Amino acid sequence: MSSRRTRHSKNRDDELNGLVLKLQALLPASSSSCNKTRVPASKILQETCNYIKSLRTEGDNLGLRLSQLLDSMEKTGVDVNIVRDLLQQ
């Protein structure tokens with residue numbers, strides 16, 4: 001019974017390690033200290049959270065900038081609906 005638990009625990013640990021390595025591979029090189037060296041899972045998870053937060057902020061900023069551009073286009077007489085249709089494609 002105990003060997004089955006040990007195998008199950010090792011399989012789970014291997015799966016978690018594999019997922020952490022996949023996360024590390026998705027991080028930009030500048031964000032992850034060294035993609036080739038062993039980095040603690042906690043550090044990779046923290047870097048992943050920070051990266052997701054930065055992507056969210058960047059997306060919000062881009063959305064705001066796009067909104068400003070569309071507003072300025074309306075003021076200059078550009079048909080903004082055409083631009084919106086193009087952006088939705």
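**Entry 1: helix α2.** I looked up α2 in this predicted model and found 35 residues. From first C-alpha to last, α2 reaches 51 Å, close to the 51 Å expected at 1.5 Å a residue (the expected span is 1.5 Å times one less than the number of residues). Helices here are DSSP runs of H or I with at least four residues, and strands are runs of E with at least two, numbered from the N terminus. I listed the buried residues of α2 as Ile44, Glu47, Thr48 and Leu70 (buried means under 20% relative accessible area with a 1.4 Å probe, protein chains only). After α2 comes Gly77, with a positive phi near 90°.

**Entry 2: α2 against α3.** I noted that the axes of α2 (residues 41-75) and α3 (residues 80-88) come within 9 Å and cross at roughly 150°. Axes are lines fitted to C-alpha atoms over the stretch in contact, and angles run from 0 to 180 degrees between N-to-C directions. The crossing therefore makes α2 roughly antiparallel to α3 (angles over 145 degrees count as such). On α2 the contact uses Leu66, Leu70, Met73 and Glu74, and on α3 Val80, Val83, Arg84 and Leu87 (contact means heavy atoms within 4.5 Å).

**Entry 3: whole chain.** I found three helices and zero strands. Of the 89 residues, 11% count as buried.

**Entry 4: conventions.** Residues are numbered from 1 along each chain as its sequence is written, and side-chain values use heavy atoms, leaving out hydrogens and water. Local features need pLDDT of at least 70 and side-chain atom pairs count only at pLDDT 80 or more, while totals for chains, interfaces and linings use all residues.

Key:
Parallel < 35°, antiparallel > 145°, perpendicular 65-115°, else oblique. Buried < 20%, exposed > 50% of the residue type's maximum accessible area, 1.4 Å probe, protein only.
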